[in-house]
Amino acid sequence: MTALRAGRALLALSQEELAGLAGVSRQIVVRIEKCELNVLAESIDKVRSALEENGVVFFEGASDRGPGVALRRRRSKTP
């Protein structure tokens, strides 16, 4: 759940802005970021999808590192 908060930070979005993009309430975003257990998986999926649609890429953890997030590189226009 902290990866979703990090993704929001990468896009410089407020909780309210992310909630609007995801189609959920701001309180849902707050509960997700606090890692509360009583959040529907569907709501988490909506928030993650909204972040991914805006350029955030999520990386699974591995044996030598934890999970992470990054911004997708924008393709440069070629002449």
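What percentage of the 79 residues of the protein chain count as buried? The figure is 30%, and the views below, all taken from a predicted model, show where some of those residues sit.

**View 1. The whole chain, to get your bearings.**
The protein chain holds four helices and two strands. Along the principal axes, the C-alpha atoms fill a box of roughly 50 × 35 × 20 Å. Among contacts in the chain with a separation of 6 or more, 41% join residues 24 or more positions apart.

**View 2. Helices α2 and α4 cross.**
Here helix α2 (residues 15-22) meets helix α4 (residues 41-53), their axes coming within 8 Å and crossing at roughly 100°. An angle from 65 to 115 degrees counts as roughly perpendicular, so that is how α2 and α4 lie to each other. On the α2 side, look for Leu-18, Leu-21 and Ala-22; on the α4 side, for Lys-46, Val-47, Ala-50 and Leu-51. Six of the residues in this contact are nonpolar and one is charged, with no polar ones.

**View 3. The largest nonpolar core.**
This view gathers the 16 residues of the largest nonpolar core. Those with the most contacts inside the core are Leu-4, Leu-18, Val-24, Val-29, Ile-32, Val-47 and Leu-51. Two or more residues come from each of α2, α3, α4 and β1 (56-59), and α4 gives the largest share, with four. As background, nonpolar side chains tend to be buried together in soluble globular proteins.

**View 4. Helix α3 under cover.**
How many of the eight residues of α3 are buried? Six are, which leaves this helix mostly covered. The buried residues are Ile-28, Val-29, Val-30, Arg-31, Ile-32 and Glu-33, and they pack against α1 (2-10), α2 and α4. Pick out Val-29 to see some of this packing: leaving aside residues up to four places away in sequence, Val-29 touches Gln-15, Leu-18, Ala-19, Val-24 and Val-47. After α3 comes Cys-35, whose phi is positive, near 60°.

Glu-33 lies in helix α3, which spans residues 26-33. Is this charged side chain's residue buried or exposed? The cut-off for buried is under 20% relative accessible area, and Glu-33, at 7%, is therefore buried. Apart from residues up to four places away in sequence, Glu-33 touches Arg-5, Arg-8 and Gln-15. With Gln-15 there is also a polar contact, side chain to side chain, at 2.9 Å.

**View 5. The surroundings of Gln-15.**
Gln-15 is found in helix α2. With a relative accessible area of 19%, Gln-15 falls under the 20% cut-off and so counts as buried. Setting aside residues up to four places away in sequence, Gln-15 touches Arg-8, Arg-26, Val-29, Val-30 and Glu-33. Arg-8 is also touched by Glu-33, and Val-29 is one of the residues with the most contacts inside the largest nonpolar core.

Definitions and conventions. Residues are numbered from 1 along each chain as its sequence is written. This is a predicted model: local features need pLDDT of at least 70, side-chain atom pairs count only at pLDDT 80 or more; totals for chains, interfaces and linings use all residues. Side-chain values use heavy atoms; hydrogens and water are left out. Axes are lines fitted to C-alpha atoms, for helices over the stretch in contact, and angles run from 0 to 180 degrees between N-to-C directions. Angles under 35 degrees count as roughly parallel, over 145 as roughly antiparallel, 65 to 115 as roughly perpendicular and the rest as oblique. Contact means heavy atoms within 4.5 Å. Ala, Val, Leu, Ile, Met, Phe, Trp, Tyr, Cys and Pro count as nonpolar, Asp, Glu, Lys and Arg as charged, and the others, Gly among them, as polar. Buried means under 20% relative accessible area, exposed over 50%, partly exposed in between (1.4 Å probe, protein chains only). A polar contact is a pair of N or O atoms within 3.5 Å; within protein, one must be able to donate a hydrogen and the other to accept it, and residues adjacent in sequence count only if both atoms are side-chain atoms. A nonpolar core is a set of buried Ala, Val, Leu, Ile, Met, Phe, Trp, Tyr and Cys residues joined through side-chain atoms within 4.5 Å.
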